[in-house]
Amino acid sequence: MDISDEYGLSAVPEGWRQADTAVYGWVLEHGRLDAPEVAAGVGLREEEVSEALARLTASRLIRTDPREPAVGFAVSPDVARAELAAPVRSRIRQVEEELDRAQQGLDHFSAEYLRHAQRGNGQFRLIGNMLEVRVVLTRASEQCAREVLSSQPGGGSRMIEAMGEALARDRAILERGVRMRTLYHHTARFHGPSQAYVAAASEFGAQYRTAHELFGRLIVFDRELAFIPLNDGSRGAVAISEPSVVSYLADVFEQTWTHATPFADAASQGLGEVAQEVDRTILRLLAAGLKDEAIARRLGMSLRTARRHIADIMEQLGAESRFQAGVAAVQRGLLDAEELLAPIDAEPEAAN
(Lines give C-alpha, C1' and ligand atoms only; values in the text may rest on other atoms or scores of the structure.)
Protein backbone atom coordinates (compact mmCIF):
# COMPACT_ATOMS: atom_id res chain seq x y z
CA MET A 1 0.00 0.00 0.00
CA ASP A 2 1.21 3.51 -0.80
CA ILE A 3 2.11 5.52 2.31
CA SER A 4 -0.20 8.32 1.14
CA ASP A 5 -3.16 5.94 1.18
CA GLU A 6 -2.15 4.32 4.48
CA TYR A 7 -2.07 7.62 6.37
CA GLY A 8 -4.76 9.54 4.52
CA LEU A 9 -2.34 11.89 2.77
CA SER A 10 -3.81 11.02 -0.63
CA ALA A 11 -6.98 12.82 0.47
CA VAL A 12 -5.11 16.12 0.38
CA PRO A 13 -5.44 17.52 -3.17
CA GLU A 14 -2.28 18.44 -5.05
CA GLY A 15 -4.06 21.50 -6.42
CA TRP A 16 -6.91 23.23 -4.59
CA ARG A 17 -9.89 24.62 -6.44
CA GLN A 18 -11.17 28.17 -6.13
CA ALA A 19 -14.37 26.82 -4.56
CA ASP A 20 -12.35 25.20 -1.76
CA THR A 21 -10.80 28.52 -0.80
CA ALA A 22 -14.15 30.29 -0.84
CA VAL A 23 -15.85 27.63 1.29
CA TYR A 24 -12.94 27.48 3.76
CA GLY A 25 -13.08 31.25 4.23
CA TRP A 26 -16.86 31.23 4.74
CA VAL A 27 -16.71 28.43 7.34
CA LEU A 28 -13.81 30.18 9.07
CA GLU A 29 -15.98 33.28 9.46
CA HIS A 30 -19.45 31.79 10.13
CA GLY A 31 -18.83 28.40 11.73
CA ARG A 32 -21.56 26.74 9.68
CA LEU A 33 -21.36 23.63 7.45
CA ASP A 34 -24.87 23.49 6.02
CA ALA A 35 -24.32 23.11 2.26
CA PRO A 36 -27.36 25.17 1.08
CA GLU A 37 -26.46 27.94 3.50
CA VAL A 38 -22.80 27.95 2.45
CA ALA A 39 -23.79 27.87 -1.23
CA ALA A 40 -25.96 30.94 -0.79
CA GLY A 41 -23.20 32.70 1.08
CA VAL A 42 -20.43 32.13 -1.46
CA GLY A 43 -22.53 32.13 -4.65
CA LEU A 44 -21.78 28.54 -5.70
CA ARG A 45 -23.92 25.56 -6.60
CA GLU A 46 -24.81 23.32 -3.68
CA GLU A 47 -23.10 20.36 -5.37
CA GLU A 48 -19.82 22.30 -5.64
CA VAL A 49 -20.03 23.26 -1.97
CA SER A 50 -20.68 19.68 -0.86
CA GLU A 51 -17.61 18.47 -2.78
CA ALA A 52 -15.47 21.27 -1.34
CA LEU A 53 -16.66 20.49 2.21
CA ALA A 54 -15.72 16.83 1.69
CA ARG A 55 -12.20 17.73 0.49
CA LEU A 56 -11.65 20.20 3.34
CA THR A 57 -12.87 17.69 5.93
CA ALA A 58 -10.60 14.92 4.58
CA SER A 59 -7.68 17.35 4.72
CA ARG A 60 -8.40 18.17 8.40
CA LEU A 61 -9.01 21.85 7.58
CA ILE A 62 -12.60 21.88 8.86
CA ARG A 63 -14.22 19.95 11.70
CA THR A 64 -17.81 19.00 12.41
CA ASP A 65 -19.54 19.35 15.76
CA PRO A 66 -20.58 15.73 16.56
CA ARG A 67 -23.75 17.01 18.29
CA GLU A 68 -24.81 19.28 15.43
CA PRO A 69 -23.63 18.29 11.86
CA ALA A 70 -24.50 21.72 10.46
CA VAL A 71 -22.17 23.41 12.95
CA GLY A 72 -18.43 23.32 12.54
CA PHE A 73 -15.25 25.31 12.47
CA ALA A 74 -12.07 25.73 10.40
CA VAL A 75 -8.52 25.32 11.70
CA SER A 76 -5.22 26.70 10.52
CA PRO A 77 -3.21 24.79 7.89
CA ASP A 78 -0.45 24.28 10.51
CA VAL A 79 -2.85 22.42 12.78
CA ALA A 80 -4.07 20.27 9.86
CA ARG A 81 -0.50 19.51 8.83
CA ALA A 82 0.52 18.50 12.34
CA GLU A 83 -2.48 16.20 12.63
CA LEU A 84 -1.72 14.55 9.28
CA ALA A 85 1.96 14.19 10.13
CA ALA A 86 1.53 12.61 13.56
CA PRO A 87 0.79 9.01 12.45
CA VAL A 88 3.44 9.20 9.70
CA ARG A 89 6.11 10.33 12.14
CA SER A 90 5.05 7.63 14.57
CA ARG A 91 5.45 5.01 11.84
CA ILE A 92 8.85 6.46 10.87
CA ARG A 93 10.02 6.09 14.47
CA GLN A 94 8.81 2.49 14.46
CA VAL A 95 10.65 1.77 11.19
CA GLU A 96 13.84 3.37 12.53
CA GLU A 97 13.61 1.19 15.63
CA GLU A 98 13.08 -1.89 13.45
CA LEU A 99 16.11 -0.92 11.32
CA ASP A 100 18.22 -0.45 14.44
CA ARG A 101 17.27 -3.92 15.64
CA ALA A 102 18.05 -5.35 12.20
CA GLN A 103 21.41 -3.56 12.15
CA GLN A 104 22.31 -5.01 15.53
CA GLY A 105 21.63 -8.46 14.15
CA LEU A 106 23.57 -7.83 10.94
CA ASP A 107 26.56 -6.42 12.83
CA HIS A 108 27.14 -9.93 14.09
CA PHE A 109 28.38 -10.84 10.60
CA SER A 110 30.53 -7.73 9.96
CA ALA A 111 33.76 -9.17 11.30
CA GLU A 112 33.42 -12.28 9.16
CA TYR A 113 32.65 -10.23 6.05
CA LEU A 114 35.62 -7.93 6.56
CA ARG A 115 37.91 -10.88 7.18
CA HIS A 116 36.89 -12.35 3.83
CA ALA A 117 36.70 -9.12 1.83
CA GLN A 118 39.86 -7.31 2.88
CA ARG A 119 43.45 -8.06 2.11
CA GLY A 120 46.60 -6.03 2.81
CA ASN A 121 45.25 -4.11 5.82
CA GLY A 122 42.06 -3.21 4.00
CA GLN A 123 43.80 -1.74 0.94
CA PHE A 124 42.41 -4.50 -1.31
CA ARG A 125 38.69 -5.16 -0.93
CA LEU A 126 36.96 -7.98 -2.80
CA ILE A 127 33.39 -7.15 -3.87
CA GLY A 128 31.72 -10.32 -5.05
CA ASN A 129 28.47 -9.15 -6.65
CA MET A 130 27.31 -6.49 -9.08
CA LEU A 131 24.74 -4.99 -6.71
CA GLU A 132 27.36 -4.11 -4.13
CA VAL A 133 29.77 -2.97 -6.84
CA ARG A 134 27.20 -0.41 -8.04
CA VAL A 135 26.64 0.85 -4.49
CA VAL A 136 30.37 1.26 -3.85
CA LEU A 137 30.95 2.93 -7.23
CA THR A 138 28.11 5.37 -6.60
CA ARG A 139 29.60 6.29 -3.24
CA ALA A 140 33.04 6.76 -4.78
CA SER A 141 31.56 8.96 -7.51
CA GLU A 142 29.82 11.16 -4.94
CA GLN A 143 33.04 11.57 -2.95
CA CYS A 144 35.31 12.15 -5.95
CA ALA A 145 36.72 15.69 -5.94
CA ARG A 146 39.24 15.97 -8.79
CA GLU A 147 39.40 13.32 -11.52
CA VAL A 148 37.89 10.10 -12.84
CA LEU A 149 39.84 7.87 -15.23
CA SER A 150 38.12 4.88 -16.83
CA SER A 151 38.79 2.25 -19.43
CA GLN A 152 35.62 0.65 -20.79
CA PRO A 153 36.33 -2.20 -23.21
CA GLY A 154 33.42 -3.03 -25.47
CA GLY A 155 31.89 0.43 -24.98
CA GLY A 156 30.06 0.12 -28.28
CA SER A 157 27.78 -2.57 -26.87
CA ARG A 158 26.46 -0.61 -23.90
CA MET A 159 22.71 -0.81 -23.31
CA ILE A 160 20.71 2.28 -24.25
CA GLU A 161 18.70 2.09 -21.01
CA ALA A 162 21.87 2.16 -18.89
CA MET A 163 23.26 5.15 -20.75
CA GLY A 164 20.54 7.51 -19.48
CA GLU A 165 21.35 6.61 -15.88
CA ALA A 166 25.09 6.91 -16.55
CA LEU A 167 24.70 10.31 -18.22
CA ALA A 168 22.82 11.72 -15.21
CA ARG A 169 25.51 10.40 -12.87
CA ASP A 170 28.36 11.71 -15.02
CA ARG A 171 26.72 15.11 -15.40
CA ALA A 172 26.47 15.46 -11.61
CA ILE A 173 30.19 14.66 -11.30
CA LEU A 174 31.24 17.03 -14.09
CA GLU A 175 29.15 19.90 -12.76
CA ARG A 176 31.16 19.70 -9.53
CA GLY A 177 34.26 20.51 -11.57
CA VAL A 178 35.62 16.96 -11.62
CA ARG A 179 37.66 16.05 -14.71
CA MET A 180 36.52 12.89 -16.48
CA ARG A 181 38.44 10.94 -19.15
CA THR A 182 37.29 7.65 -20.68
CA LEU A 183 38.84 5.16 -23.08
CA TYR A 184 36.67 3.08 -25.44
CA HIS A 185 37.45 0.60 -28.15
CA HIS A 186 37.36 2.01 -31.70
CA THR A 187 34.26 -0.10 -32.33
CA ALA A 188 32.26 2.28 -30.10
CA ARG A 189 32.48 4.83 -32.90
CA PHE A 190 30.18 2.66 -35.03
CA HIS A 191 27.55 2.49 -32.28
CA GLY A 192 24.85 5.17 -32.59
CA PRO A 193 23.87 5.29 -28.88
CA SER A 194 27.54 5.53 -27.89
CA GLN A 195 28.02 8.42 -30.30
CA ALA A 196 25.01 10.20 -28.79
CA TYR A 197 26.20 9.55 -25.24
CA VAL A 198 29.69 10.85 -25.92
CA ALA A 199 28.30 13.95 -27.65
CA ALA A 200 26.01 14.71 -24.69
CA ALA A 201 28.64 14.08 -21.99
CA SER A 202 31.25 16.06 -23.93
CA GLU A 203 28.97 19.10 -23.67
CA PHE A 204 29.48 18.94 -19.90
CA GLY A 205 33.27 18.64 -20.23
CA ALA A 206 33.95 14.89 -20.37
CA GLN A 207 36.75 13.69 -22.68
CA TYR A 208 36.77 10.47 -24.71
CA ARG A 209 39.38 8.67 -26.77
CA THR A 210 39.38 5.31 -28.53
CA ALA A 211 41.95 2.61 -29.26
CA HIS A 212 41.86 -0.71 -31.09
CA GLU A 213 43.24 -2.51 -28.05
CA LEU A 214 42.66 -1.79 -24.38
CA PHE A 215 44.38 -3.24 -21.31
CA GLY A 216 41.11 -4.10 -19.56
CA ARG A 217 38.36 -2.56 -17.47
CA LEU A 218 39.49 0.07 -14.96
CA ILE A 219 38.08 3.02 -12.99
CA VAL A 220 40.29 5.33 -10.91
CA PHE A 221 38.94 8.05 -8.60
CA ASP A 222 41.26 10.94 -7.63
CA ARG A 223 44.26 8.60 -8.12
CA GLU A 224 43.43 7.27 -4.65
CA LEU A 225 40.90 4.50 -5.28
CA ALA A 226 40.83 2.08 -8.23
CA PHE A 227 38.45 -0.66 -9.31
CA ILE A 228 39.37 -3.64 -11.49
CA PRO A 229 37.24 -6.72 -12.27
CA LEU A 230 37.55 -10.00 -10.43
CA ASN A 231 39.08 -12.77 -12.53
CA ASP A 232 36.58 -15.45 -11.52
CA GLY A 233 34.10 -14.75 -14.31
CA SER A 234 31.69 -12.97 -11.97
CA ARG A 235 30.71 -9.32 -12.24
CA GLY A 236 32.47 -8.49 -9.01
CA ALA A 237 35.39 -6.14 -8.53
CA VAL A 238 38.48 -5.42 -6.46
CA ALA A 239 38.58 -2.00 -4.79
CA ILE A 240 42.22 -0.92 -4.41
CA SER A 241 43.45 1.92 -2.21
CA GLU A 242 47.13 0.89 -1.91
CA PRO A 243 48.92 4.03 -3.23
CA SER A 244 51.62 2.32 -5.31
CA VAL A 245 49.17 0.03 -7.10
CA VAL A 246 46.70 2.85 -7.76
CA SER A 247 49.50 5.04 -9.12
CA TYR A 248 50.68 2.21 -11.39
CA LEU A 249 47.17 1.67 -12.79
CA ALA A 250 46.78 5.40 -13.42
CA ASP A 251 50.10 5.39 -15.32
CA VAL A 252 48.89 2.48 -17.47
CA PHE A 253 45.81 4.53 -18.31
CA GLU A 254 47.90 7.61 -19.15
CA GLN A 255 50.15 5.66 -21.55
CA THR A 256 47.16 4.32 -23.46
CA TRP A 257 45.45 7.72 -23.40
CA THR A 258 48.52 9.35 -24.95
CA HIS A 259 48.43 7.02 -27.98
CA ALA A 260 44.62 6.88 -28.31
CA THR A 261 42.67 9.10 -30.70
CA PRO A 262 39.84 11.51 -29.85
CA PHE A 263 36.43 9.88 -30.13
CA ALA A 264 34.86 10.32 -33.55
CA ASP A 265 32.06 8.50 -35.26
CA ALA A 266 32.90 6.26 -38.20
CA ALA A 267 31.54 8.71 -40.74
CA SER A 268 33.80 11.55 -39.63
CA GLN A 269 36.95 9.44 -39.84
CA GLY A 270 35.91 7.48 -42.89
CA LEU A 271 34.82 3.88 -42.97
CA GLY A 272 37.72 2.86 -45.18
CA GLU A 273 40.36 4.22 -42.80
CA VAL A 274 38.74 2.60 -39.78
CA ALA A 275 38.38 -0.75 -41.56
CA GLN A 276 42.07 -0.70 -42.51
CA GLU A 277 43.07 -0.06 -38.90
CA VAL A 278 40.86 -2.92 -37.71
CA ASP A 279 42.28 -5.33 -40.29
CA ARG A 280 45.85 -4.33 -39.48
CA THR A 281 45.33 -5.00 -35.77
CA ILE A 282 43.64 -8.35 -36.46
CA LEU A 283 46.52 -9.36 -38.71
CA ARG A 284 49.04 -8.64 -35.97
CA LEU A 285 47.05 -10.60 -33.40
CA LEU A 286 46.54 -13.49 -35.81
CA ALA A 287 50.25 -13.68 -36.46
CA ALA A 288 50.86 -13.77 -32.72
CA GLY A 289 48.63 -16.83 -32.47
CA LEU A 290 45.77 -15.35 -30.45
CA LYS A 291 42.47 -17.22 -30.55
CA ASP A 292 39.30 -15.76 -32.00
CA GLU A 293 37.82 -15.12 -28.55
CA ALA A 294 40.90 -13.21 -27.40
CA ILE A 295 40.95 -11.11 -30.58
CA ALA A 296 37.26 -10.25 -30.15
CA ARG A 297 37.81 -9.13 -26.56
CA ARG A 298 40.85 -7.05 -27.44
CA LEU A 299 38.95 -5.21 -30.15
CA GLY A 300 35.70 -4.84 -28.23
CA MET A 301 33.60 -6.62 -30.83
CA SER A 302 31.39 -9.69 -30.81
CA LEU A 303 32.94 -13.09 -31.49
CA ARG A 304 30.79 -13.42 -34.60
CA THR A 305 32.01 -10.10 -36.01
CA ALA A 306 35.63 -10.93 -35.23
CA ARG A 307 35.38 -14.30 -36.99
CA ARG A 308 33.87 -12.63 -40.04
CA HIS A 309 36.81 -10.21 -40.21
CA ILE A 310 39.29 -13.07 -39.73
CA ALA A 311 37.69 -15.17 -42.47
CA ASP A 312 37.74 -12.25 -44.91
CA ILE A 313 41.41 -11.51 -44.17
CA MET A 314 42.48 -15.15 -44.52
CA GLU A 315 40.62 -15.42 -47.83
CA GLN A 316 42.10 -12.20 -49.22
CA LEU A 317 45.63 -13.31 -48.31
CA GLY A 318 45.11 -16.90 -49.45
CA ALA A 319 46.45 -18.07 -46.10
CA GLU A 320 45.68 -21.38 -44.42
CA SER A 321 47.18 -20.58 -41.00
CA ARG A 322 47.41 -17.54 -38.82
CA PHE A 323 51.18 -17.24 -38.99
CA GLN A 324 51.00 -17.72 -42.76
CA ALA A 325 48.58 -14.79 -42.87
CA GLY A 326 51.11 -12.67 -40.98
CA VAL A 327 53.93 -13.59 -43.38
CA ALA A 328 51.72 -12.83 -46.38
CA ALA A 329 50.78 -9.47 -44.84
CA VAL A 330 54.47 -8.55 -44.47
CA GLN A 331 55.18 -9.60 -48.06
CA ARG A 332 52.39 -7.37 -49.31
CA GLY A 333 53.48 -4.44 -47.14
CA LEU A 334 50.42 -4.62 -44.90
CA LEU A 335 52.57 -5.26 -41.81
CA ASP A 336 56.16 -4.46 -40.90
CA ALA A 337 58.42 -7.37 -40.00
CA GLU A 338 58.91 -5.78 -36.59
CA GLU A 339 55.16 -5.92 -36.00
CA LEU A 340 55.08 -9.58 -36.96
CA LEU A 341 57.85 -10.45 -34.50
CA ALA A 342 56.79 -8.07 -31.73
CA PRO A 343 55.59 -9.87 -28.59
CA ILE A 344 51.92 -9.60 -27.67
CA ASP A 345 51.05 -8.93 -24.06
CA ALA A 346 49.12 -11.56 -22.14
CA GLU A 347 45.44 -11.56 -23.05
CA PRO A 348 44.14 -8.54 -21.08
CA GLU A 349 40.43 -9.14 -21.06
CA ALA A 350 40.45 -12.41 -19.17
CA ALA A 351 39.61 -10.58 -15.97
CA ASN A 352 36.48 -9.02 -17.38
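Analyst: Happy to! Helix α15 spans residues 322–331, and its buried residues are Ala325, Gly326, Ala328 and Ala329. Viewed down the axis of α15, these buried residues fall within an arc of 165°, so they line one face of the helix. That arc is taken from the directions that run from the helix axis to the C-beta atoms. Buried here means under 20% relative accessible area, exposed means over 50%, and partly exposed is in between (1.4 Å probe, protein chains only). After α15 comes Gly333, with a positive phi near 80°.

A word on the source: this is a predicted model, in which local features need pLDDT of at least 70 and side-chain atom pairs count only at pLDDT 80 or more, while totals for chains, interfaces and linings use all residues. Residues are numbered from 1 along each chain as its sequence is written, and side-chain values use heavy atoms, with hydrogens and water left out.

Now for the wider setting. The chain has 16 helices and 11 strands, both being DSSP runs numbered from the N terminus (helices H or I, at least four residues; strands E, at least two). Of its 352 residues, 38% are buried.

The largest nonpolar core holds 24 residues, and Val148, Tyr184, Tyr208, Phe221 and Phe227 have the most contacts inside it. At least two of its residues come from each of α7 (130–143), α8 (160–174), β6 (179–185), α9 (192–203), β8 (218–221) and β10 (237–240). Another core, of 20 residues, lies apart from it and includes Ile282 and Leu285. Such a core is a set of buried Ala, Val, Leu, Ile, Met, Phe, Trp, Tyr and Cys residues joined through side-chain atoms within 4.5 Å.

The chain has 19 salt bridges, each a side-chain nitrogen of Lys or Arg within 4 Å of a carboxyl oxygen of Asp or Glu. Glu224 and Arg146 form one of them, at 3.2 Å from N to O. Glu224 sits in the loop between β8 and β9 (225–229) and Arg146 in the loop between α7 and β5 (147–152), so the pair ties together parts 78 residues apart in sequence. Arg146 is partly exposed, at 45% relative accessibility.

Arg223 and Glu254 also meet in a salt bridge, at 2.5 Å from N to O. Here Arg223 lies in the loop between β8 and β9 and Glu254 in helix α10 (residues 243–259), 31 residues apart. Both belong to a network of salt bridges that also links Glu147, Arg179 and Arg181.
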